[in-house]
Amino acid sequence: MKEMMLWYEKSAERWEESLPIGNGSLGAMILGGAEEEILGLNEESVWSGYYKDKNNAKAADCLEEVRSLVFSGKNKEAERLIQNNMLGEYNESYLPLGNLKLKFAYGSGKEGKAEGYRRQLDLENAVAQVSYTCNEVHYQREYFASYPAKAIFVLLTADKPVMDFTISFISQLCLAVSAEDGALQVTGRCPEHVDPSYLPEREGSVVQGTKGMQVNAEFRVVSCDGQVREEGEMLHVSGASRCLLMLSAMRQPVLPDNMDYEALKAAHIQDYRSIYDKVELYLGEQKDLPTEERLELLKKGEEDNGLYGLFFQYGRYLLIASSREGSLPANLQGIWSWELRAPWSSNWTININTQMNYWHALSCNLEECLEPYIRFVERVSEEGKKTAAVNYHCRGSVAHHNVDYWGNTSPVGVPQGEKAGEDGCVNWAFWPMGGAWLTQEIFRAYEYSGDEEYLKNTAAPIIREAALFLNDWLVEYQGEWVTCPSTSPENQFRLPDGQITGLTYASAMDMAIVKEVFTHYCRICEILGTQDALYREICEKMPRLAPFRTGSFGQLLEWHEEYEEPEPGHRHASHLYGLFPAEVFAGDAKLTEACRVSLMHRLENGGGHTGWSCAWIINLFAVLKDGEKAYEYLRTLLTRSTYPNLWDAHPPFQIDGNFGGTAGIANMLVQDRGGSVTLLPALPAQFKEGYVKGLCIKGRKCVDISWKDGKETGHRIYDKE
């Protein structure tokens with residue numbers, strides 16, 4: 001089997017063609033130019049803002065009036081009341097550190113003309129390379145981001161001592177650069193505020209101020225067999241055949257005494273492969289063609305099963321590169337972002353995107369990468385207690401549509417300096433179910449590990465806070481327990497009077513999340529023998545939770561009644577949450593069929609048009625055991641929503657489609673849902689022959705499966721090491 005490799009015969013012309021490397025905290029995007037190399041650098045903690053309590057005490061005063069308006073059919077009035085009185089300021093933004101530039105001089109002759117150019121990313125070793133020949137000299141650069149060393153290394157070599165290049169750094173941040181002792185030292189401060197990119201440019205969109213986070217970085221020439229001299233804010237290397245650079249930011253590198261490059265590289269590879277090697281997937285051979293050519297041929301109708309295998313392992317690679325123990329979890333762009341006002345602030349959007357980032361962590365044997373997510377949810381749970389108490393006078397913990405570095409959990413929508421939310425923001429901003437959804441993977445981590453210490457000390461406290469809030473948030477209406485006010489993320493419906501809103505009560509997604517969290521909490525209490533007062537309250541309410549309803553053509557209703565949808569092909573399929581990612585509908589044939597009807601209706605009206613939405617659809621069809629439809633949307637994901645470097649296109653770039661797509665492939669091959677394990681539940685005819693090794697199921701077990709002519713030829717279920 002050929003190596004898992006992304007490779008190209010030209011340098012990148014835009015960031016979506018770059019090769020990403022990362023060690024969980026520090027990332028680089030490699031453009032690979034022969035005359036000028038640009039490394040776009042990111043460090044996970046480089047954010048605008050400072051800690052600021054954005055909770056809104058006025059919200060609690062309006063809650064009962066909002067509920068009364070909703071129950072009276074005055075949904076639009078309730079929406080305006082929330083918009084004007086119950087929201088908080090927008091979150092802050094994840095920022096690019098800046099660009100490291102290497103400018104090369106090649107002397108006389110065919111200056112800068114690179115021949116035999118190749119740029120590649122080896123997924124099996126997490127090492128990138130650029131190589132070419134210029135003026136009869138062969139040049140090579142090698143790059144890796146070391147988790148053990150907490151730094152990025154770049155080794156530049158030439159087969160003659162003629163390398164001549166400058167090293168400089170530019171940033172959109174207010175950073176000072178100085179060259180001293182063979183290194184560029186970078187210091188400065190992040191802006192104290194950056195508006196989300198979707199707000200119009202205005203005075204105050206970016207506020208530098210004095211309260212922002214301090215930044216420090218170092219780009220050092222570690223060793224060089226030529227001359228290194230400082231020139232203003234640059235370093236100049238000349239007469240070299242070998243030069244090793246080390247890039248670090250915000251953390252001190254952890255280095256061995258001798259700084260031997262081969263030893264650093266070997267330690268990096270050993271660490272990386274200890275995670276990566278646990279899963280192997282073969283769907284077909286890797287074609288010996290540049291990656292973007294393979295994508296183009298796929299778009300033209302050619303077959304390339306190996307490309308799906310490459311995409312799968314790339315999804316695993318990207319999580320290892322952006323989420324390691326001690327780091328922050330992967331955000332909307334992993335850790336790779338190049339805009340000061342990044343799309344959707346490149347934050348943690350928790351109405352699906354952050355959760356989707358980790359759909360493949362457990363099933364694809366990446367449990368080491370889940371630790372940052374668990375720590376993040378712990379922090380969100382703690383911050384969410386303040387929001388629950390201040391905004392709603394509820395116990396427990398709540399978080400809404402998104403979260404930033406500072407842990408804000410209140411509903412956003414108010415531009416800094418303003419007093420009310422933006423028109424139309426309520427249908428996405430006011431969604432007090434995000435924190436509860438985050439607990440799903442927390443409970444699954446117990447199901448996959450069987451670790452009762454983890455359950456008792458980590459999962460139980462988090463899930464209890466979510467259950468406590470939901471218990472207090474529910475309100476009794478017409479004999480049922482419902483959520484109110486309620487939205488279905490980012491979608492809207494038309495009222496009988498023609499007005500469009502997203503606000504109602506008891507949306508299908510709300511009620512599925514409530515049922516899931518309550519079920520998980522009760523299971524925890526039963527496992528640990530801790531049936532407390534909350535457990536008893538939940539047991540009393542569960543039978544009277546508002547039921548899931550079907551509509552006029554057998555579809556699952558997204559809201560408590562059947563409304564006209566202005567956008568029937570909406571990118572979110574939130575009402576299908578109970579089918580996947582939850583297991584609320586597992587074993588219920590009627591609701592499962594209603595989900596299938598709803599999904600087909602979405603697609604007939606243009607659904608799945610964004611990358612992450614398409615990835616969700618793959619998983620939904622896999623759970624419905626429809627391999628042909630799952631494959632159709634896997635192919636769609638690659639042909640319609642994938643950039644040349646295999647990053648997912650929302651558009652623009654969002655990494656959740658990569659992670660969701662990887663999870664979808666895993667779900668096509670094995671599922672452990674509703675108390676039963678199914679092998680090859682959604683194997684399409686296209687994947688006629690193949691094998692997978694090391695996928696995980698619950699109870700700390702792994703699965704190997706092989707198949708031929710579409711039928712299983714053998715499998716092995718064994719204890720995870």
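Reader: How many bridges join strand E8 to strand E9?

Author: This is a predicted model. In it, strand E8 covers residues 137-146 and strand E9 covers residues 151-158. The two run antiparallel, and the bridges that join them number eight.

Reader: What is the strand order of the open sheet of nine strands?

Author: The pairing in this sheet is antiparallel. Strands E8 and E9 are among its members. The order is E1-E6-E7-E8-E9-E18-E15-E12-E11.

Reader: Which strands stand at the edges of that sheet, each with a single partner strand?

Author: An edge strand here has a single partner, so one of its sides is left without a neighbour in the sheet. Direction ignored, neighbouring strands of this sheet are turned by 15° against each other on average. The edge strands are E1 (5-8) and E11 (174-180).

Reader: Why is one side of strand E2 and of strand E16 left without a neighbour in the sheet?

Author: Seven strands form another open sheet, antiparallel in its pairing, in the order E2-E3-E4-E5-E10-E17-E16. E2 (19-22) and E16 (227-231) stand at its edges, so the reason is that each has a single partner strand. From one strand to the next, the twist averages 20°.

Note on methods. Residues numbered from 1 in each chain as written. Predicted model: local features only at pLDDT ≥ 70, side-chain atom pairs only at ≥ 80, totals over all residues. Heavy atoms only, no water. Pairing = 2+ DSSP bridges. Helix = DSSP H or I, 4+ residues; strand = E, 2+ residues; numbered from the N terminus. Axes fitted to C-alpha atoms, helices over the stretch in contact; angles between N-to-C directions.
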